[in-house]
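This report describes a structure shown below, with its sequence.

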Amino acid sequence: MSMPLLVVILGPTASGKTALSLHVAERLQGEIVSCDSVAVYRDFEIGTAKPSQQERRLVPHHLIDIAGPEELVTAGDYSRLARHAIGEIRDRGHLPIVVGGSGLYLRALLEGLFSGPPRSEELRLRLRERATERGTEYLHKLLRRIDPAAAQTIHANDVPKVVRALEVSFSARAPMTDLWQHGRDALQGFRILRIGLNPDRETLYARINQRAREMFSAGLLDETRMLRERYGSSVWPLNSLGYKQAMQHLRGELSLEQAVVAAQQGHRNYAKRQMTWFRREPEVHWITEFGSDAAVQKRVVELTKARDQD
RNA sequence: GCACAGGUGACCGAGUGGUUAAUGGUAGCAGACUGUAAAUCUGCCGCUCUUCGGAGCUACGGAGGUUCGAAUCCUCCCCUGUGCA
């Protein structure tokens, strides 16, 4: 008996991952495990382009709406929860399909993270204060003393990463790089079929522009207003693409049109970053079209069936 | 028609005689990423060659001029904005 199959559908925003995943899931008894760092939060609907309630009734979805916006879901949390969901799907005899665009979360799920200490808010706060007092160079110098190898790969201006490296090294009383030597806890027990969507850039950008504008006409502002009222304006996910610009408009910093244009821009930039991340992903079966394309959907179903019988 | 302000590389925008292919920013492209990642950061970014040290060409609305030397000064012309007619 060969190992069960795990299908992964990855690609930039608006490349048609949702449409493709629904099609494949319906045909092959699949269940979808979302890999999206914002869709995990409840009540963030329009800006996250979550699958509709109807679509979610049609096919079981996991890792969507699992936390309140005031909670913090990290890559590690995601990885654990997603693995749990995948295990259950397999036990049901169904096909797990991981779908998403959050590169780090996907890597945390598939390849695992190193077993390091969790976040320490106090330590972070102190380090950040130090950074504003004495400049970012200071933190980097500190890191160079404590973990030279990490300092080599992390640029001094990249404060969040410098802070994390210091946080890990201090909490563990050992250089972060040493902890990395122990390796990562990769996902075991599945044969993984990675499908990557990489449609023509120009067309993708046009589609992103259209979708971002549609989010506003579909009520993104009302949703943002509701979220701000219910959870307060400082909850983290309100900084995400679309919501951030909607907030800026609600605060009067941007006109409606400016907010739309800024959201479009943000999504385009994001899509590009996603592609540079995914290009490194190993063993991806790349498809240079949109996942909403019927021919593509058919092809992926065939591909999955063939792989399942190997 | 007169007066004033202004026309700078894809865009915005500095620069007012010389280390200026021209500060910044944006966009674009490429890259990094091990618990905030829809985050954060890095590089390239006029054209053509290059043994990667450089070399050549074209550029600051247009045409002339002054000067050893101009995006920067002068003349004329074209265009844009504002005010007066």
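## Loop residues with positive phi

Q29 is located in the loop that connects α1 (17-27) with β2. Helices (H or I, at least four residues) and strands (E, at least two) are DSSP runs, numbered from the N terminus. The model is predicted: local features need pLDDT of at least 70, side-chain atom pairs count only at pLDDT 80 or more, and totals for chains, interfaces and linings use all residues. Residues are numbered from 1 along each chain as its sequence is written, while chains are lettered from A and ligands numbered from 1 in the order in which they are written.

Most residues other than glycine have a negative phi. Q29, however, has a positive phi, near 55°. Because 12 other C-beta atoms lie within 10 Å, Q29 is exposed. The classes rest on C-beta atoms placed from the backbone: a residue is buried if 20 or more others lie within 10 Å of its own, exposed if 12 or fewer, and partly exposed in between. In the loop between β3 and α3 lies D65, whose phi is also positive, near 60°.

## The parallel sheet

An open sheet is formed by six strands in the order β3-β2-β4-β1-β5-β6, with parallel pairing. Two strands pair if DSSP finds at least two bridges between them. At the edges stand β3 (61-62) and β6 (284-287), each of which pairs on one side only. Helix α3 packs on the sheet and touches β1 (5-10), β2, β3 and β4; the direction of α3 makes about 175° with that of β2. Contact here requires C-beta atoms, placed from the backbone, within 7 Å, and such angles run from 0 to 180 degrees between N-to-C directions, with axes fitted to C-alpha atoms, for helices over the stretch in contact.

Strands β2 (residues 30-35) and β4 (residues 95-100) are joined by six bridges, and C35 stands opposite G100 in β4. Six bridges also link β1 to β5 (residues 191-197), where L5 has R191 as its bridge partner. Between β5 and β6 there are four bridges, with R194 opposite V284.

## Helix α6

Helix α6 (residues 136-146) has L139, H140, L142 and L143 as buried residues. These cover an arc of only 155° around the axis, which puts them on the same side of α6; the arc is that of the directions from the helix axis to the C-beta atoms. The cover over the buried residues includes α5 (121-134), α7 (148-153) and α8 (159-172). Exposed residues E137 and R145 sit on the face turned away from the buried side.

## Surroundings of RNA strand B

RNA strand B is surrounded by 44 residues, the closest being S37, G76, F114, N157 and L241. A residue is near the strand if its C-beta atom, placed from the backbone, lies within 6 Å of it. Elements giving two or more residues to this surface are α3 (75-91), α4 (103-110), α8 and α13 (256-278). The most comes from α13, with nine residues.

By class, the surface has 14 nonpolar, 17 polar and 13 charged residues. Ala, Val, Leu, Ile, Met, Phe, Trp, Tyr, Cys and Pro count as nonpolar, Asp, Glu, Lys and Arg as charged, and the others, Gly among them, as polar.

Terms used. Contact = placed C-beta atoms within 7 Å.
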